[in-house]
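Please look at the sequence and the structure below before reading on.

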Amino acid sequence: MTIEEKQREITDEFADIDEWLDRYAMIIDLGNQLPPIDERLKTPEHLIEGCQSRVWLNAELRDGKVYFTADSDAIIVKGIISLLVSVLDGHTPDEILGADLHFIDDIGLGEHLSPTRSNGLLAMVKQMRMYALAFKTLQEKQNH
């Protein structure tokens, strides 16, 4: 499934939910479904700077695609990172770097988060893109 298709799927899932408390409940459920990150990865170098709560993110490059694992100590934030992982996981660095993550606004997430959580969301996206950029650079070096 492409990044665009996954974003449409998420937007469709949220379209039927009018109340924001219900949307938050759905985000929390998604966070609870996120596979646990290896405890050995819960280190300072995997923490995302700029998040009020603690968010750990790891990325691996396998067969030219980036695979993410993540966790958070805050239930809403864990749900948000699980949405990002579900959209970007298993794609090439170029696809991740070129993605317009419009689903965040499409489902109203950006406008319903506190300023600190919005900053944290931006920090999560930035970190995922930084991993993609690092892997792209590594691939280019290996190909020359």
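In this predicted model, Lys42 lies over the face of Trp56, and Arg62 lies over the face of Tyr67. A charge counts as sitting over a ring if NZ of Lys or CZ of Arg is within 6 Å of the ring centre and within 35 degrees of the ring normal.

| Charged residue | Ring | Distance from ring centre |
|---|---|---|
| Lys42 | Trp56 | 4.9 Å |
| Arg62 | Tyr67 | 4.1 Å |

The model is predicted, and local features need pLDDT of at least 70, side-chain atom pairs pLDDT 80 or more, while totals for chains, interfaces and linings use all residues. Residues are numbered from 1 along each chain as its sequence is written, and side-chain values use heavy atoms, leaving out hydrogens and water.

Two aromatic pairs are found in the whole structure (ring centres of Phe, Tyr or the six-membered ring of Trp within 6.5 Å). The ring centres of Tyr131 and Phe135 are 6.4 Å apart and the planes stand at 20 degrees, so this pair is stacked (planes under 30 degrees apart; over 60 is edge-to-face, the rest tilted).

Not counting residues up to four places away in sequence, Phe68 has contacts (heavy atoms within 4.5 Å) with residues including Leu57, Val85, Met128 and Tyr131.
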